[in-house]
Amino acid sequence: MLTGYANAQQNGSGSYLQISGEVTKPLIIHADDLSSMKRTTVHLRERDGKDYAYTGVSIQQILEMAGVTMGKQLRGEKLASYVLVQSADGYKVLFSLAELDSSFINRTVILAWESEGKPLPADKGPFRLVVTGEKKPTRSSYQVTGLMVGSLKN
Ligand SMILES: Nc1nc2c(c(=O)[nH]1)N[C@H]1C(S)=C(S)[C@@H](COP(=O)(O)O)O[C@H]1N2
Ligand SMILES: [Mo]
C-alpha cells in the first residue's frame, strides 16, 4: 500500500523508501507497491569488470507518483531541482532532476530489488539505485532508504 507519512509509523516493520522534500505528495513506498509498476532491466558493470542485470522501476515513475514535475513541464527554474538519494549507511549521492528524466537523458536510472533474477542480498538491498552509463558504479547506491527532492534558489 502507498502510504503518507502519518500512516507509515503504524505500518509495522519492513523496509520502505521515503520520498520527501519539495514534493506535492510525500510518499512511503513499500516493496509491494513497486511490484505493480512498470519494470525495467538494465546492465551495470560492477567493480569486477563484469556486467550484471538489475531489474526494478524507474526513479522517474517514483518521483512522478510523488507529484514531482518531470517531462515537458521540467523547464525554467525547475532545472535547478535536485534529488538526494539517501542510504541506510548514510551514503548520499546527488542528481539534478533532469538527469533522472527520460526526456533529457538516454538511460533509465532505476530502483532495483533484483539482480540476475534474485532479490538483492541484505548488504545491498532491499533497494539499490542502478545508474548505467558512468565510468564506475559509485552512484549506484545500495540500501536506498530515501529520495529527497530540493532546489537551489540562487
Ligand atoms: N549505500 C552505499 N552505496 C554504495 C557505496 C556505499 O559506500 N554505500 N559505495 C559505492 C561505491 S564507491 C561503489 S564502487 C559501488 C560498488 O561497491 P562494492 O563493489 O564495494 O559493492 O557501490 C556504491 N554504492
Ligand atoms: Mo567505489
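I began with D51, which forms a salt bridge with R45, the closest N and O atoms being 2.7 Å apart. By salt bridge I mean a side-chain nitrogen of Lys or Arg within 4 Å of a carboxyl oxygen of Asp or Glu. D51 is partly exposed at 39% relative accessibility, while R45 is exposed at 52%. My cut-offs are buried under 20% relative accessible area, exposed over 50% and partly exposed in between (1.4 Å probe, protein chains only).

A note on the source: this is a predicted model, where local features need pLDDT of at least 70 and side-chain atom pairs count only at pLDDT 80 or more, with totals for chains, interfaces and linings using all residues. Residues are numbered from 1 along each chain as its sequence is written, and side-chain values use heavy atoms, leaving out hydrogens and water.

Next I looked at R107 and E99, whose side chains meet in a salt bridge of 3.5 Å, N to O. Both residues are buried. I also found E99, R107, E134 and R139 linked in a network of salt bridges. The count of salt bridges comes to seven.

Then I turned to ligand 1. Which residue has a polar side-chain atom 2.8 Å from an oxygen atom of ligand 1? I found that it is R47. K124 also places a polar side-chain atom 3.1 Å from an oxygen atom of ligand 1. On the backbone side, a polar atom of S140 is 3.1 Å from a nitrogen atom of the ligand. Taken alone, ligand 1 exposes 520 Å², and the protein buries 77% of that (Shrake-Rupley method, 1.4 Å probe).

Note on methods. Chains lettered and ligands numbered in written order. Polar contact = N/O pair within 3.5 Å; in protein donor to acceptor, adjacent residues only side chain to side chain.
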